[in-house]
Amino acid sequence: MKITGIRTFLMQVGSPDLETRQTVPVPKSAQPFGGTRNWLFLKIDTDEGITGIGECSGWPRVVETAIKDLAPLLIGEDPAHIEKLWQKMAIAMMGHGMLGTVGGGAVTGIDMALWDIKGKVLGVPVWNLLGGKLRDRIPIYSHANTVEKALSLKNRGIKALKCGGVSDPVRKVAMLRDAVGDEMDIAIDLHGPPWMTPADACRLVRKLEPYELLWVEDPIAPDNVEGYRRIRDAAHIPLAAGERTATIFGERQLIEEELVDVIQPDTGRAGGITQMKKIAAMAEAHHIQVAPHSGSLGPVAEYAALHLLASIPNALILERIDDDWEGRKHTIVPHPVQEGGSLAVPNGPGLGCDIDEEFVARFPSDGNVSIPVQESGGAYAPGTYGERLYVQTRLSRRHYFNA
Ligand SMILES: [Mg+2]
């Protein structure tokens, strides 16, 4: 069998977090949904008529160009040799710098499609190729920042929620815990605020200890890996991170130095199923659990995550927002059935899913960058929003901590 071509499918998607981001500029096609997300899918065609599907995150508009550059390396190759092709792509991109999340996104979608092809050729689901499955259902968590949303999740049988943002996080967690009681797990994602010093994050995380959280995610900028050590030493609370880096090399320090309790590789850009399996094994050796980042991803990456989580011992939970955009359920065939707080592990050959190409084509991409809005609570010290700094100056700490 030989690879004959790669086709990409890029689409504009509604945004899940309208309160804290604004589009720059607002893409016309996204205006009905008010969002700026893009989903990028790809299909690898072969000379035997079998096609594999994959999905890429990590700035999809740029990743699409990377895939077109990589395609000539793959055409004519036997898709069976996934690791060899992965290495070939990585070596080809080395001159552009480290893989990063753009290169990681490109390799991920291709790797995912190669696993899909292998499963279809052999007539088995991908989880079977990964060593078999330990479980038939994967628990999920969804997002809630209000009591109303939290209770609606609880009423649907969902057993865990994640709130987010840096605006008054302790009060928010207390409010949600009060509303849902002890039967639901609660996590909080601070989204790696670059103005949060490790010292301030230590204080904040200690205040969150009494709420028995599932985890505190990205309490400081992900670049500040050393800062995680200080937070770890200061508080007895599970920490989670790892969504913004790619490959075993990007996640290595968090795992080897045991700076997190939960590692969160992004299924669309961490390097594909090949790398996710290795990352999970590294984490297993350190008693770290795996909860793939999936909040902004499309439904094909979600299928890939289900196969992976079925096959690894240290699978914790999958991030899933099924009500973020009406088009989600029209993009994928079949739409995964969520029953209560879990998803069934797919049993079809390969990944077991396909996209509706005609539906995807109705939403062409025309933008995919965003910045925090001025009102995004707590993100900027008053009067500094217009400076648009990454590492921000910060005053009014007393106001923040007593909010
Ligand atoms: Mg996150």
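Student: Which exposed residues does the face of α6 turned away from its buried side carry?

Tutor: Two remarks on the model come first. Residues are numbered from 1 along each chain as its sequence is written. The model is predicted, with local features needing pLDDT of at least 70 and side-chain atom pairs counting only at pLDDT 80 or more, while totals for chains, interfaces and linings use all residues.

The face in question carries Arg171 and Asp178. A residue is called exposed if 12 or fewer other C-beta atoms, placed from the backbone, lie within 10 Å of its own, buried if there are 20 or more, and partly exposed in between. Helix α6 comprises residues 169-180; helices here are DSSP runs of H or I with at least four residues, strands are runs of E with at least two, and both are numbered from the N terminus. From first C-alpha to last, the 12 residues of α6 reach 16 Å, close to the 16 Å expected at 1.5 Å a residue (1.5 Å times one less than the number of residues).

The buried residues of α6 are Pro169, Val173, Leu176 and Val180. Seen down the axis of α6, they fall within an arc of 70°, so they line one face of the helix; the arc is that of the directions from the helix axis to the C-beta atoms. An α-helix has 3.6 residues a turn, so residues three or four places apart point the same way.

These buried residues pack against α5 (147-155), β6 (160-164), β7 (185-189) and α7 (198-208), contact requiring C-beta atoms, placed from the backbone, within 7 Å. Just after α6, Gly181 adopts a positive phi of about 75°.

Methods
Contact = placed C-beta atoms within 7 Å.
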